[in-house]
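Please look through the sequence and the three-dimensional structure shown here. The report after them is written to be read with both at hand.

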Amino acid sequence: MLIAGFPAGAWGTNCYLVAPAAGEECVIIDPGHEATEGVEETLKKHRLKPVAVVLTHGHLDHVASVVPVCGAHDVPAWIHPEDRYMMSDPEKALGRSIGLPLLGDLTIGEPDDVRELSDGSGLKLAGMEFTVAHAPGHTKGSVTFRLPESADIPPVFFSGDLLFAGSIGRTDLPGGDHAEILESLGRVCLPLDDSTVVLSGHGPQTTIGRERATNPFLREVAAGLGGGGTAAPRRGM
């Protein structure tokens, strides 16, 4: 398995390219603000051919490069239906102006081919099967993607802005809900094996075991408290 990632743009959003091995087909996860150059460099470095873009949610910092990336390679983009509108109207998703002209030349809108994700589905792409879990809280259409353990890697969990190393996604933007994100943490994250590698939308990689032991929000959910943990700053747009 090959997983190559890099932080992109003003928010340092992690974009990942996932393939069975170098020289094969790949899936691109969350090509956000100013991610196009990094995507192309990573494709060339590992001799990869993209077959799809998949999105953990619709915030601009995760989708800003979807149109040019999909257009350059004639591939579809997959997103949950509740977040699809954000590709065409990012400011509505944020509830305020974020000064789009200050972010450079953005291509706002949908790529030619948009397909919708559903909870519990198995998304078969590039010879791999990603298990999709709807995980609202950060946005209404937030999802995660999970790859099973293989001969060379433990299970991998692309958590988007649901779970970070030491923290969770913010819930103060339109569609955010603190109670919902806690429910998603308990339903989606806690059942995973401790060895599962967590690749988040922002920040360093971690494991479920490490977060189960140290993340104040996940510990709170595991204890059944469901209150308002505030011991760690939250990331993401």
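What follows goes from the whole chain to one helix, then to a hairpin, an open sheet and a histidine.

This is a predicted model, in which local features need pLDDT of at least 70 and side-chain atom pairs count only at pLDDT 80 or more, while totals for chains, interfaces and linings use all residues. Residues are numbered from 1 along each chain as its sequence is written, and side-chain values use heavy atoms, with hydrogens and water left out.

**Overall composition**

The secondary structure comes to 7 helices and 14 strands, where helices (H or I, at least four residues) and strands (E, at least two) are DSSP runs numbered from the N terminus. Of the 237 residues in the protein, 54% are buried; buried means under 20% relative accessible area, exposed over 50%, and partly exposed in between, with a 1.4 Å probe and protein chains only. Among contacts (heavy atoms within 4.5 Å) between residues at least 6 apart in sequence, 63% join residues at least 24 apart.

**Helix α1 and its surroundings**

In α1, the residues G38, V39, T42, L43 and H46 are buried. Seen down the axis of α1, these buried residues fall within an arc of 135°, so they line one face of the helix; the arc is that of the directions from the helix axis to the C-beta atoms. An α-helix has 3.6 residues a turn, so residues three or four places apart point the same way. The face of α1 turned away from the buried side carries the exposed residues E37, K44 and K45. The cover over the buried residues of α1 includes β1, β2, β3, β4 and α3, and after α1 comes R47, with a positive phi near 55°.

Helix α1 (residues 36–46) packs with helix α3 (residues 66–73) at an angle of about 35°, their axes being 9 Å apart; axes are lines fitted to C-alpha atoms, for helices over the stretch in contact, and angles run from 0 to 180 degrees between N-to-C directions. In this contact T36, V39, E40 and L43 of α1 meet P68, V69 and H73 of α3.

**Strands**

β1 and β2 form a hairpin with 4 residues between them, and G9 in the turn has a positive phi of about 75°. In β1, L2, A4, F6 and A8 make up the covered face, whereas I3, G5 and P7 make up the uncovered one. G5 stands opposite Y16 in β2.

Two strands pair if DSSP finds at least two bridges between them, and the table gives two such pairs.

| Strand pair | Sense | Bridges |
|---|---|---|
| β1 and β2 | antiparallel | 7 bridges |
| β13 and β14 | antiparallel | 2 bridges |

An open sheet of 6 strands has the order β7-β8-β9-β10-β13-β14, with mixed pairing. At its edges stand β7 (122–125) and β14 (206–207), each with a single partner strand, so one side of each is left without a neighbour in the sheet. In β14, T206 is the bridge partner of V198. Helix α5 (residues 178–189) lies across β8, β9 and β10, and runs at about 145° to β8.

**H62**

H62 has its place in helix α2 (residues 60–63) and is buried, with a relative accessible area of 0%. Its side chain is joined to that of D30 by a polar contact of 2.8 Å; such a contact is a pair of N or O atoms within 3.5 Å, where within protein one must be able to donate a hydrogen and the other to accept it, and residues adjacent in sequence count only if both atoms are side-chain atoms. Not counting residues up to four places away in sequence, H62 touches residues including T13, D30, L55, H57, D161 and H202.
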